[in-house]
Every structure is written in structure tokens, then in C-alpha cells.
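Welcome! Please take a look at the model below, and then we can walk through it together.

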Amino acid sequence: MATTSPTTAKPGDRFERLLSTRGRLSRPAGGGGPARGDAKPMYEFAGGRPDPASFPYAELVAATAEMMETEGAEALTYGEAQGYPGLRAWVGDLYRWLEGLEIDPANILITNGSGQGLALVLSALVDVGDAVICEAPTFLGTLGAMRRHGAEIHGVPVDDEGIVTSSVRERLEALRREGRACKLIYTMPTFHNPAGVTATLARRRELIDLAREYDTLLLEDDAYGALRFAGEQVPSLYALDGGERVVRSGTISKVLGAGLRLGWLIAPRELIPIFQGFNFGGGVNPFVSRVATYYMRENMVEHIETLRDVYRDKRDAMLRGLREGLDGTEVAISQPEGGFFLWLTLPENVDPGRVAELAAKAHVHYLPGPAFYPGGEGKEFIRLAYSYESPERCYEGAKALGAAIRQACE
């Protein structure tokens, strides 16, 4: 009988017959940004990591001490299944400040980061083979979760006004003709990851009308909405819909610290127990939920306004570096009004592989476009995160990347 050599076996081969369908679908896809160069530090533009210099280290120590003195015993035992009430109340305070929106804490479920929240929605709604619609490009984390759930993913384009609703209608109508339903439409209408665009009010209203007409749900990923540093606030899908057909995902990762692993879902009340049922009991991290609450309810406005200045400076530094490095080479670059990312379209005559090679030599790490597309297309795109590096390094690395693109065009 043939055996599999330990040196050539793929991860999971030994346990293939034991894997579930979702286990087989969960294997990580290959690909990534430019190969890392030598020992010289990379300009880290690949991951959407918050600025470590913005973390309120001493203040979180003080908040922890205050919380332990006040609620220490409760913080160290199991909590409410829906999440710490104080944190759910703070989430309501956040959206009241951002949008003037009143949200009942009963409509809020605390999750282990927004990633878990998105996965809970998929687990509750999507069976293997079910149709879902998302933007193309879209957030690679959710794309991976959709694949793990076995969804049939229908990508629709994004332009400067957000998701192209005419294409959404075409997909919905095609599914209806087949006698099939779309389980949900996933969208990032505000500071889209990776494209950086913000959907217009008209597009948002059209999307809500489509959800009603075709009897589906909208999953609104709002990871970056608090980090607006330019432009005018646009009402969320949740606000426009009145919470009837929209499940909204949010996170504290981008405004306090990703390591806290706290997020939330805001949803129609009858869906909350369904999503909650996919969690184990005891609530999501009662201890850290309290620490975050004690800090944010006293410092929310000042802290977020500081972050807006921080990320505006980084975006501007990266744009300046790209312009100087490109030195007149025509490259389309998004102009985000908030969030963490730039989306760059390479010239038609350039080889993306050559750009990646030259970027690696310049120690610039980014994510290429195919990572964000359901079908792996998008080779002409690059996503750059300005969130992690200092403004100085954003400028230096972007200038080096611009020069690499210019060289690849020659």
C-alpha cells in the first residue's frame, strides 16, 4: 500500500478522512505580497495593523486598576452570554456620538473581534452551496470565511461611488430566475477595505431597496467608520434601514487595540439569540470587556479625534511619497477619507511580478490585488496599509515603491 512521505505530505493529509466539509474548505489560499528581502526592516504596508504608538498604555493600566477595584470579582468569572452590559452600552454611546443613532443594547452582541462576528452571521445563515453577494474586491478575511462556509460567492464591482448596485440587481435577478435566493449581501460601504472608497447615499438607499425587493439581508462591515478624517459623514446602512434588514459589524480593534479582540454585531433582535447560539457560554472575555469600557467611556471622543489626526498624517505622507517616487508616471491611487488603506492601480503596460520583485528589493511589503477577489483576478491592483508605520516611514517606503513601479514601466 502506498504511503505518504512525511516530507511531502500536505497539512491535513493524515487526517483527510476525518475532516468536515468546512475543514477541507478552510485550507489557506496561497499567495501574498512581495517576498521579504534580507535582514533590513521591511516597510510594512501589508497588514491593516493599528499604530502601536497610539495605544494608551498607561491609561489602560489605570483603567484596569479602577475596574478591578470596582468589579474585580465579576470580571474574573463568567459573564452574560450577550456580552458585558457596560460595553454594549458604550457601543450605543459610540454610534450616538458618530451618527446620532439610538441603539438598544438588546440589539447588540459582543464578539471576539469583528472577524468572529462576521463568521457568526455566516454560520447562522449560510449552508454549503448557498449564494452570497460581495464586492469584488472585498476584505480577504471575510472572503476566507465565506469559502470556509462553502458559500457560492458572487462578486460585483466597486467604483468611486461604492458597490455597483446595478450589478447587484443583475445577480439577484439571475438567481431568482434559477429559483434560488441570495442569503446575504456583504458590503463595506464606509472606507472600503481594500478599495478605500465610501459609498454614496444614493447607492446605500438603492442597496437597501434591493434587499427588501429580493428578501435578503445586508451585512454591513463597519470596521473603520469612526476613523473619518476628511469629507462628510454618510448615514450607515443600519441607520437608513432602521435595523430591519441590516446586520452591522463593528470592532474596537481599530480605535483602541487589536489585541483586545473585542467586536460586536448590531442586528434585529430576533437574530441575536441565533448568532449567540454559535458561541460557548460565559460571554466574550468579561475581563477585557470591562477594561475597554472603563477606558473608552471616559476618553472616547478625545482618543478617536487623536487617531483621526494620526491616520490623516500617515495617509498624506504615503501619498506624498508615492507621487515623488512615481515622478510623473501615471498611476491611479485612491484618495480615502478615512480608514487604513490606499488602493493602487498599476499602469496597463507594467508586469505586476516585476513590480513585486523590485518592491522586495526596496524592502516594501504590500498585498497584491488577487488576494481580495473571489476568483483571484485583480493582478493590476496593490493594497497599501498606511496604518502601522510612522509618517516618516510611510513616506520613505511609498517613495521607494513609486520608484519601483516607475522602473518596472521602463
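## The chain as a whole

Of the 410 residues in the protein chain, 51% count as buried, where buried means under 20% relative accessible area with a 1.4 Å probe, protein chains only. This is a predicted model, in which local features need pLDDT of at least 70 and side-chain atom pairs count only at pLDDT 80 or more, while totals for chains, interfaces and linings use all residues. Residues are numbered from 1 along each chain as its sequence is written, and side-chain values use heavy atoms, with hydrogens and water left out.

The protein chain has 12 helices and 14 strands; these are DSSP runs numbered from the N terminus, helices (H or I) having at least four residues and strands (E) at least two. A compact globule of 410 residues would have a radius of gyration near 22 Å, and the chain agrees at 22 Å (taken over C-alpha atoms; the globule rule is 2.2 Å times the number of residues to the power 0.38). Its C-alpha atoms fill a box of roughly 60 × 55 × 55 Å along the principal axes.

## Aromatic rings

How many aromatic pairs does the structure hold? There are 11 aromatic pairs. Rings of Phe, Tyr and Trp (its six-membered ring) pair if their centres lie within 6.5 Å; planes under 30 degrees apart count as stacked, over 60 as edge-to-face and the rest as tilted. Tyr-311 and Phe-340 have ring centres 4.8 Å apart and planes at 45°, so this pair is tilted. Because Tyr-311 lies in helix H10 (residues 286-326) and Phe-340 in the loop between strand S10 (332-333) and strand S11 (341-345), the pair ties together parts 29 residues apart in sequence.

Both Tyr-311 and Phe-340 are buried. Phe-340 also forms an edge-to-face pair with Phe-341, at 6.2 Å centre to centre and 65° between the planes. Together, Tyr-224, Tyr-311, Phe-340 and Phe-341 form one aromatic cluster.

## Around Asp-51

Asp-51 is found in the loop between strand S1 (43-44) and helix H2 (57-75). Is Asp-51 buried or exposed? Asp-51 counts as buried because its relative accessibility is 10%. A polar atom of the Asp-51 side chain lies 2.9 Å from the backbone nitrogen of Ala-53.

Leaving aside residues up to four places away in sequence, Asp-51 touches Val-310, Tyr-311, Lys-314, Ser-387 and Tyr-388, with contact meaning heavy atoms within 4.5 Å.

Key: Buried means under 20% relative accessible area, exposed over 50%, partly exposed in between (1.4 Å probe, protein chains only). A polar contact is a pair of N or O atoms within 3.5 Å; within protein, one must be able to donate a hydrogen and the other to accept it, and residues adjacent in sequence count only if both atoms are side-chain atoms.
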